[in-house]
Amino acid sequence: MNGAGRQARVALVASGTESLRGESAEEVVRRLQDEFTDLRRRMPSGPERTYRQELILAALVRLTPQLEEFDIAAALVSADGGTRLTAYARLYACPEGEFLPALVEAAAEEVLPFAQFWALHAIAAVIDAVGPDSVQLATVRRLRACLARIPQTAVDRIQSLRAILGRLEDAVGGL
């Protein structure tokens, strides 16, 4: 499935309601982070794993706005992929401009393709919130460097990043 289809499916799933079944949002998020890590460890790459990762992400998008204490900056640099994915889900659901440089850095260094895809969508959401003309040139340069490092076979991530860069370049006349 292409990136747009994947994003639409996650949006549809994320619009549902998450039953906490007596658990706090924090407990469910921790469980989802562990589930993401375990899933990546035990299941080979493929459509089924991607689908299950999408379900986890959709739940994180619904739940992370409910977290009372969540250190986004620390999560973005975490060694744990599930924790980083949680930060991307939070910034996708609740874009905060102050985290854009750290988010861009995390996306550029992200080693998990699924997580990088969603980091890029979180970047787009943050840019929507702050406006493309508010993005610093250093951030644009880092995004360009990131594009150069994405494998040519990763069409969905390349398209996402090119769309982001195109919006930024349009906003400031070609950068």
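Angles under 35 degrees count as roughly parallel, over 145 as roughly antiparallel, 65 to 115 as roughly perpendicular and the rest as oblique. Axes are lines fitted to C-alpha atoms, for helices over the stretch in contact, and angles run from 0 to 180 degrees between N-to-C directions. Helices themselves (H or I, at least four residues) are DSSP runs, numbered from the N terminus. This is a predicted model, in which local features need pLDDT of at least 70 and side-chain atom pairs count only at pLDDT 80 or more, while totals for chains, interfaces and linings use all residues. Residues are numbered from 1 along each chain as its sequence is written, and side-chain values use heavy atoms, with hydrogens and water left out.

Start with α7 and α9. Their axes lie 10 Å apart, and the helices pack at an angle of about 20°. The two are therefore roughly parallel to each other. The crossing of α7 past α9 is left-handed; that is, the near helix is turned anticlockwise from the far one by less than a right angle, where clockwise would be right-handed. Contact means heavy atoms within 4.5 Å. On the α7 side, the contacting residues include Phe117, Leu120 and Ile127. On the α9 side, they include Leu161, Ile164 and Leu168. The residues of this α7 and α9 contact comprise nine nonpolar, three polar and four charged. Here Ala, Val, Leu, Ile, Met, Phe, Trp, Tyr, Cys and Pro count as nonpolar, Asp, Glu, Lys and Arg as charged, and the others, Gly among them, as polar.

The term means a side-chain nitrogen of Lys or Arg within 4 Å of a carboxyl oxygen of Asp or Glu. Asp128 pairs with Arg167 in this way, with the closest N and O atoms 2.5 Å apart. Asp128 lies in helix α7 (residues 113-130) and Arg167 in helix α9 (residues 155-171), so the bridge ties together parts 39 residues apart in sequence. Asp128 is exposed, at 53% relative accessibility. Arg167 is partly exposed, at 30%. The cut-offs are under 20% relative accessible area for buried, over 50% for exposed, and in between for partly exposed (1.4 Å probe, protein chains only).

Now take α7 with another partner. Helix α5 (residues 81-93) and α7 have axes that come within 8 Å and cross at roughly 25°. That makes α5 roughly parallel to α7. This crossing is left-handed. Leu85, Tyr88, Leu91 and Tyr92 of α5 take part in the contact, and Phe114, Trp118 and Val126 are among their α7 partners. The α5 and α7 contact residues divide into eleven nonpolar, one polar and no charged.

Next comes α6. Its buried residues are Leu100, Leu103, Val104, Ala106, Ala107 and Ala108. They pack against α4 (72-76), α5, α7 and α8.

Arg142 and Glu109 meet through their side chains at 2.5 Å, N to O. Arg142 sits in helix α8 (residues 137-149) and Glu109 in helix α6 (residues 100-109), so the pair links distant parts of the chain, 33 residues apart. Glu109 is partly exposed, at 41% relative accessibility. Glu105, Glu109, Arg142 and Arg149 are linked in a network of salt bridges.

One more pair remains to be described. Arg31 and Glu23 form a salt bridge at 3.0 Å, N to O. Arg31 is partly exposed at 32% relative accessibility, and Glu23 is partly exposed at 25%. The structure holds ten salt bridges.
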